[in-house]
Amino acid sequence: MGDRQADVLLVGGGVASAACAVALREGGFEGSVVLAGREPDPPYERPPASKSYLSGAQGRDDALYRPESWYADNDVELLTRVSVMKMDTAAHTVKLSDRSELSFGSALVATGANVRRLNVDGADLEGLHYLRALRNADTIRGDVEHASEVVLIGGSYIGCEVAATLTAMGKRCTVVMQEPVALSRGFGEQAGRFFQGVLEEHGVRFVGETTVERFEGSGERVEKVVLEGGRELAADAVVLGVGATPDVMLARAAKLELGPLGGVLCDERLRTSAAGVWAAGDMCEFRSVHHDAHVRIEHFEVAVEHGRTVAANLLGEERAYEVVPYFWSDLADWCSLESVGFAPDGWDEEVVRGSFEDGAFTVWYLRGDRLITALSVGRPGDLDEARRLIVARTDLSGAHDALASPDGKLP
Ligand SMILES: Cc1cc2nc3c(=O)[nH]c(=O)nc-3n(C[C@H](O)[C@H](O)[C@H](O)COP(=O)(O)OP(=O)(O)OC[C@H]3O[C@@H](n4cnc5c(N)ncnc54)[C@H](O)[C@@H]3O)c2cc1C
C-alpha cells in the first residue's frame, strides 16, 4: 500500500492526461484524481512552441491547456516536476521522484514522445536546438536574437513551421532535408511543392535530397552545417526537427506490452496489457477501427480525444476510440493546412480538387477505392465530407470526377 491513494492516476503532464482529467470531472467523476508530470509547467499545448509562442506573440498562460487554477478548483491534484519512476501494474502502486509511493485504482500512462537526436560529429556544439517543450522555444528565441542565418534540419512540419516563424521574425532560414520536397512524406510531392513554394516566396531556402554529415564551429559554437558531398551552409543557429520516438521507459520497465511501432500496445478502448492501466497520446499504439490495424499517431487532437476516450471508459462507458484523426499546421500567417484521416502505409492515388494556383485545394488520398486521408487548404467543408467517407468506408471507384470537381457531389 502506498503513502497515498488515488482512484485515478494520470502519468505524464501533457494534453492526453489533462484532457482525461477534464473529461472525468465534466462527466461527474467524484473520486480522487492525481496528475503527475515531470515538467515544471502545468499541462500545456505544444503546437504554439513552433508558432506563436516561439515568435513571442503568445505567452505561457495562453498555451496552457487549462488555467493553472483549474486543477485545484476541480479537485485534481497536480504534481509538477514529479516523475513516476516505477509502476507495479499488479499491485497498482507507483514510486514517484519525490520518494513517495502512491497506490491507484486505475492509471493512464501518457508519457508522450521524446525528440529523435542526430548523432553526427559536432552534435554537441552550442547553438544546436531541439524543440519539444515551451522552455526549448524560450531558449531558441533567446539564442536567435542576434543570429542572421538559421539552418533547420528536417523537412516535415516542425522544420517548416519553425522556418516560417523565424523568417517572419527577420531571420534567413535554410531547410535541409532528405526528401526532395518539403512536407512530401506526409502529403506527397504535389502538395509539398505548393507548401515549399509558399515558404520560398517568403525567402526560405531549401536543400533537398541530402543529409547532414557534421556540424562545425571554430570554438564551442556552431558556425557551419556540412552536408554529404561537402557542401557547407553558414549557421549562427540550428534547429533540428528530425522526428520523435515514443517515451516508453516507464511502460517498458512496468512490462506493459509494446507494439512493433515502439508504442504501448492497446486495444480499441485504449486498454493496455495490464488490467486497470490505459494509455493515450503519442506513446500509445492503438487498434484503430478505421484501419483494422494498430497505429501510432502524434497529433494534438488525437492525444486530446484519446484522453477523453479513456475518461469515458473510466466513467463506465465501453467506448472505443473512433474519432477520425485531425491535424493542422500553420506556416506563419501565410498558409494553414488541415488534414483528416491517417495513412500509416501511404496511399495509392491522389486526386486534387480546386487549384494550387488559387491556394484553395483539397487532396484526396485513396488506398484502393477507399479514402484514407484528405488534406485541405481553404476548403474546410471538404474535410467534413472526408470524415464521412472514411467512417463509411465508401467505395469511390466511380467517383473520381466528383472528387476532382470543386462542387462535385460525392457518394
Ligand atoms: C513543437 C511542436 C509543435 C506541434 N504542432 C502540432 C500541430 O500543429 N498540430 C498537431 O496536431 N500536433 C502538433 N504537435 C504534436 C502534439 O503536440 C502532440 O501530439 C501532443 O503534445 C501529444 O500529447 P501527449 O500528452 O501524448 O504527450 P506529451 O505532450 O509529450 O506529454 C507527455 C508528458 O509526460 C511527461 N512524462 C514522460 N514520462 C514521465 C514520467 N515517467 N513521469 C511523469 N511525467 C512523464 C513528459 O515530460 C511530457 O511532459 C506538435 C508537437 C511539437 C513538439
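## Loop residues with positive phi

K255 sits in the loop that joins helix 8 (249-253) to strand 17 (264-266). Helices (H or I, at least four residues) and strands (E, at least two) are DSSP runs, numbered from the N terminus. This is a predicted model, in which local features need pLDDT of at least 70, side-chain atom pairs count only at pLDDT 80 or more, and totals for chains, interfaces and linings use all residues. Residues are numbered from 1 along each chain as its sequence is written, and side-chain values use heavy atoms, with hydrogens and water left out.

K255 is not a glycine, yet has a positive phi of about 65°. K255 is exposed, at a relative accessible area of 72%. Exposed means over 50% relative accessible area, buried under 20%, and partly exposed in between (1.4 Å probe, protein chains only).

D75 is also not a glycine, and its phi is positive at about 55°. D75 lies in the loop between helix 4 (69-73) and strand 3 (76-79). D75 is exposed, with a relative accessible area of 59%.

## Helix 6

Helix 6 covers residues 157-168. Its expected span is 1.5 Å times one less than its number of residues. For twelve residues that gives 16 Å, and the end C-alpha atoms are 16 Å apart, which agrees. Just after helix 6, G170 takes a positive phi of about 100°.

Nine of the twelve residues are buried, so helix 6 is largely enclosed by the rest of the structure. Among them are C160, V162, A163 and L166. E161 is buried too. The cover over the buried residues includes helix 2 (52-55), helix 7 (184-201) and strand 21 (326-331).

Methods: Contact means heavy atoms within 4.5 Å.
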